[in-house]
Amino acid sequence: MSDYQRVTAHVDDVESLREEGRRKMDWALQHMPICASLREEFAAERPFEGQTIGMAMHVEAKTAILVETLAIGGAEVAVTGCNPLSTHDDVSVALDDVENVTSYAVRGVDDEEYYGAIESVIDHEPTITVDDGADMVFRIHQEHPELIDSIIGGAEETTTGVHRLRAMDEDGELNYPMFAVNDTPMKRLFDNVHGTGESALSAIAMTTNLSWAGKTVVVAGYGYCGKGVASKAAGQDANVVVCEVEPRKALEAHMEGYDVLPMAEAATEGDVFITTTGNRNVITKPHFEEMQDGVLLANAGHFDVEINLDHLDELAVDRYEAREGVESFRMADGRRLNVLAEGRLVNLAAPVGLGHPVEVMDQSFGIQAVCVREMVENSEAYEAGVHEVPDQLDKEVAEVKLAAEDVEFDSLSDAQREYLSSWQHGT
């Protein structure tokens, strides 16, 4: 049993925090028509009655609406953070006040506290897990295998978590079914592209009070998140350089008008470096040695391993806080390299890191909610391992969003549907 206590034991002025957190949640819900629609359905049908949902997520206002939505559907929910700096304490306190919800999320925890909070969630003996980065799934498999038989399944939110789960699955080590929420179109095309692009750039701009216009922005990785960052930076009149290891993605970036360079060359040109790869050691000592004075170093990937801060610290003769959320590393030759948000997920870990726009996260959390519903209603259809989100669930969420936006769209006629499903029609 973990002795890590719920959020109210770690903060002062609980009542004030609760009021402010609730205010943020209510604002978010106004702009989340998908979750609002599902809340009505779940309140009437109570599909999660008898289930305990363990969650490790970025605990801020939009996520809180998902948590509350699952609780409205009848679940007991225990939640904690999936990143030491992404929790908003006021929202965590407000969540802890919701019926059937216990929150252990606290901002600024160290590694021991971070995993202690995950252990406290696991102590609730979840029957479903909802993860962002897969730390809870791994912890259960590594430390609590006795719980696996009672877990019917779960859902994983982000690119890095899905990569880790697929590797686990390939090794035969994933022992209950998990939906790869990140890989569904309603997540990738909106959350990863528009959400990451907009929120990463806005967090960097608000943290530094610097303009994008005329700067050279080096984007490491041209997956969906990298595409979003590159597009939004170019849209704000930055010059964009893309670094890639996958030849087709590098070609795609080239064909879309960006300069494509190895990081060793880009290091000499960039004013701002933003990593989006999900891999480690993307920017290391040889790159730091070539960078210009005053560069900004930011990470938009899930874990803080993309920018090697140990290498940077070894090179530095001094390090100091240049402004809130910005740490300057001064080199022996006088150059200053500036790291934002400790190299953690900049759109949430920066001082004004608000995460993805509300409307975007409504779509992603709508997918999460219907995936939990699917796992409860049809768990026998899914064996242990990673599963794609059923396409009809993805379309269901898209249709709710379109209806909320008063957008009408066409449908196939019977003749068109028959044509597309037949191999017998010729020219």
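Colleague: Which residues lie nearest the centre of the second largest pocket?

Modeller: The model is predicted: local features need pLDDT of at least 70 and side-chain atom pairs pLDDT 80 or more, while totals for chains, interfaces and linings use all residues. Residues are numbered from 1 along each chain as its sequence is written, and side-chain values use heavy atoms, leaving out hydrogens and water. A pocket is an open set of points on a 1 Å grid over the protein atoms alone where a 1.4 Å probe fits, with protein on both sides within 12 Å along at least five of seven lines; lining residues have an atom within 4 Å of a point. The second largest pocket has 18 of these, and nearest its centre are Glu 60, Lys 62, Leu 354, Gly 355 and Val 358.

Colleague: Which element gives the most to the lining of the second largest pocket?

Modeller: Two or more lining residues come from each of α1 (14–30), α3 (61–72) and α8 (185–208), helices being DSSP runs (H or I, at least four residues) numbered from the N terminus. With four residues, the one that gives the most is α8.

Colleague: Are α15 and α16 parallel or oblique to each other?

Modeller: The axes of α15 (residues 358–378) and α16 (residues 391–404) come within 10 Å and cross at roughly 140 degrees. Axes are lines fitted to C-alpha atoms over the stretch in contact (heavy atoms within 4.5 Å), with angles from 0 to 180 degrees between N-to-C directions. Angles under 35 degrees count as roughly parallel, over 145 as roughly antiparallel, 65 to 115 as roughly perpendicular and the rest as oblique. The two helices are therefore oblique.
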